[in-house]
Amino acid sequence: METVESIKANYVLGSDEVIEMQDVWKTYPNGAHALQGVSVKINRNEFVYVVGPSGAGKSTFMKLIYREEVPTKGQISVNGFNIGKLKQRKIPYVRRNIGVIFQDYRLLPKLTAYENVAFAMEAIEAPPKLIKKRVMEVLDLVGLKAKAHRQPSQLSGGEQQRIAIARAIVNNPAVIIADEPTGNLDPETSWGIMQLLDEINFRGTTIVMATHNKEIVNTMRKRVLAIERGQIVRDQQRGEYGYEF
Amino acid sequence: MSFRTLLRHLREGAKSVIRNGWMSLASITSIIVSLFILGVFILLVMNVNALADKADSNVQVNTYLNLNVDEEMRETVRQEIESMPEVKSIKFVSKDDGLKELEETLGSEWLEGYSEGDRNPLPDAFEISVIEPTTVPFVADKISALNEKYPVEPILRVKYGEGTVETLFKITRTVRNIGFIFVAGLALMSMFLISNTIRVTILARRREIGIMKLVGATNSFIRWPFFVEGALLGFFGSIITVGLLFAGYQRLFAAAQADMTLAQSLIPLGDLWLLLGGIIIALGMAIGIWGSTMSIRKFLKV
C-alpha cells in the first residue's frame, strides 16, 4: 500500500532500495525456522518499524541485515552489497555502511562518552584530525557535547543510548539497525530517543527499528513490517502497531 | 597500515601485558624455562663438539714393531701403511726416540741404565695419523692384518685411543637428541600458556571486539594487538633468558680459567653470543606469536 507521502518521498530522493531481501530463509542448527521465505524492499531514507510477537523472527531479520547471521537460502543485498555471498574479509567494509543500536546500549564501560564514539572511528582507521571534529559534531547532534568526558556509569539510560546512537552514526552509515532501542527506557526518555532517530532519518539515513512499543508506533506513524512465525504478515505505510501488548 | 595505527597496536598490546600481570608473568617464566634449557643444551653441544674436535686431532694409531724386524722389513711395512687411502701421515719413532720421550715425561732418574747398549726395552714404532677420525678403528684393523701377509710377523701391537672417539660422538648425539625432545616439549608448554594468557585478554575484551566488528574493523586490525601481546611476552622471556645464559656462562668460564685442569674445557664464545642471542629471541617471539594466533583464530570467525 503506497501513500501520497511515500510516493512523494521516493520522487524526491530516488527510489533505489538500500535493503532488499528475496525469498530469505533462516533455519538454525537446532531446526528452528526463524524466517520462512521473506521478501522485502526498503528504500533509501525510509523509516521502518519491525513489529511482532517475541520469537517471531524479528531479531533474526535484523541480524541478517548487519550480517551477524547468514541466510540459509535466498538473497540479501544491503547498500549494493550482496551480503549472502560475501567473502569473509569483505564483511567489515559492508558493516561500515550499517550502524547498529541495541536495547542494552553496549558501551565500553571504561571509556568516556567521547572515547566510546571515537572508538568506532579508530577501529576503521579514520584520520585523527577527522575523528576529533566528527565525534564532537555527533555528540552535539545527540545533545551530549557537555558530557563528553563522562563515563557511561555517570550517565542516565537515555544518555547512554544517545551515546550509542552517536557511535552508530559517526561513520555516516546508509542504514541504522535499531533493535528495541527504547526497550529499557521510560516513556519520556523514549520520546527523546525517537525524536533523535527521526532527526537522523530526516538527514538521510535509513532506519530499521524493531520495537514492542505500541504508543510510539501508533503516534509516530511510519512504515510497519509485522513478522509472525518467520513471515511478513503485514507491510503498511504509516501503519499501526496492531497488537495489544 | 599507517604508523599511527602501528603505534596504537603496540600500545594496546603492551597494555594487556601489564593488565594480565600474573598470567603474563607465568607465560614469561615458562618461556624463560624452556629457552634457558634450550640455551644450555646448545652451549653443551657446542662445547662437546669443540672437545670432540680437539680429541680428533689427538687421535693417532700407534703401531709397535716386533724386535726382530729389520730395516728392510720396516721400510716395507711403512710403505704398506702409507699406501692406505685413509692414512694422512706416518712417522717413524725409533726405540731410542721412544726412550727419550719417556724420559721427558717421567724424568730420567727412573730410567737410568736403560739407555746403555742393548738394554732399551722399547720397540720401534710408527705414529700414524688418519684423514677422517672415525676411520681410526678400521685403519688399526688393517694394520694388524699385515701380520698375516708375511712369514715373520712384523707387528707387535697396534694401539689407538680406543673408545674415546666413539664415546664423544655418542655423547654429542645423545645430548642433541635429548635436548631436542626436551626443548620441543617445553616450547609447546610455553605456547599453551601464552595462548591461555591471550585468551584471558580476549575474554576480557570480548565486548570491545564485538563492537569493533560491528562498526567494521577488519580482522587484522583486531588481531594485531594480540600478536603484539604474544610477541612482547616472547621477547621479554627470551631477553631475560639470554641475559641469564650469558651471565651464567661467563661465570663458569671464569671459574674454569682459574682452575688449571679445566682451563681448556670451556670454549670462549665471543661473537657467537650475538648469533645465539638472536636465535633465542627469534624463537621466543615466534612461540609468543604462535600462541596468540592459536587463541584468536576461533574468536574472529563471523
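The following paragraphs describe the two protein chains of a predicted model, their interface and selected local features.

The model is a prediction, in which local features require pLDDT of at least 70, side-chain atom pairs count only at pLDDT 80 or more, and totals for chains, interfaces and linings use all residues. Residues are numbered from 1 along each chain as its sequence is written, chains are lettered from A and ligands numbered from 1 in the order in which they are written, and side-chain values rest on heavy atoms, with hydrogens and water left out.

Chain A contains 8 helices and 10 strands, where helices (H or I, at least four residues) and strands (E, at least two) are DSSP runs numbered from the N terminus. Of its 245 residues, 51% are classed as buried, the classes being buried at under 20% relative accessible area, exposed at over 50% and partly exposed in between (1.4 Å probe, protein chains only). The accessible surface of chain A amounts to about 11,500 Å², with 49% of it belonging to carbon and sulfur atoms; such areas come from the Shrake-Rupley method with a 1.4 Å probe, and for residues only the protein chains shown count as cover. Among contacts in chain A with a separation of 6 or more, 69% are between residues 24 or more positions apart, a contact being defined by heavy atoms within 4.5 Å.

In chain B the secondary structure consists of 9 helices and 4 strands, arranged along the sequence as α-α-β-α-β-α-β-α-β-α-α-α-α. Chain B has 302 residues, of which 42% are buried, and it exposes about 17,000 Å², with carbon and sulfur atoms supplying 63% of that area. Of the contacts in chain B between residues at least 6 apart in sequence, 84% join residues at least 24 apart.

At the interface, 26 residues of chain A are in contact with 16 residues of chain B. The two chains bury about 1,800 Å² between them, 62% of it on carbon and sulfur atoms, where buried area is the accessible area (1.4 Å probe) that two parts lose on being put together, summed over both. On the side of chain A, the residues that lose the most area to chain B are A:Arg95, A:Phe119 and A:Glu125, which together account for 29% of what that side buries. The elements of chain A that give two or more residues to the side touching chain B are helix 3 (91-95), strand 6 (98-102) and helix 4 (113-122). Across this interface the rule finds 0 salt bridges, a salt bridge being a side-chain nitrogen of Lys or Arg within 4 Å of a carboxyl oxygen of Asp or Glu. The count of residue pairs in polar contact between chain A and chain B is 2, both at pLDDT 80 or more; a polar contact is a pair of N or O atoms within 3.5 Å, of which, within protein, one must be able to donate a hydrogen and the other to accept it, while residues adjacent in sequence count only if both atoms are side-chain atoms.

Two residues of chain A were examined for their backbone angles. Most residues other than glycine have a negative phi. A:Arg106, in the loop between strand 6 and helix 4 of chain A, has a positive phi near 55° and counts as partly exposed because its relative accessibility is 34%. A:Asn172, in the loop between helix 6 (157-169) and strand 7 (175-179) of chain A, also has a positive phi, near 55°, and is exposed, with a relative accessible area of 57%.

On the surface of chain B, a nonpolar patch is formed by B:Phe36, B:Val40, B:Phe235, B:Phe236, B:Ile239, B:Ile240 and B:Leu244, with about 530 Å² of accessible area together. Patches are made of residues with over 30% relative accessible area and no salt bridge, like charges being joined within 9 Å and nonpolar side chains (Val, Leu, Ile, Met, Phe, Trp, Tyr) within 5 Å. Helix 2 (21-58) and helix 8 (219-258) of chain B each supply at least two residues of this patch, and helix 8 gives the most, with 5 residues. B:Phe36 lies in helix 2 of chain B and counts as partly exposed because its relative accessibility is 31%.

B:Ser27 also lies in helix 2 of chain B, but is buried, with a relative accessible area of 0%. Residues up to four places away in sequence aside, B:Ser27 touches B:Leu193, B:Ile194, B:Thr197 and B:Leu233. B:Pro121, in the loop between helix 4 (95-106) and strand 3 (125-130) of chain B, counts as exposed at 52% relative accessibility. The C-alpha atom of B:Pro121 is separated by 9.4 Å from that of B:Leu67, 54 residues apart along the chain.
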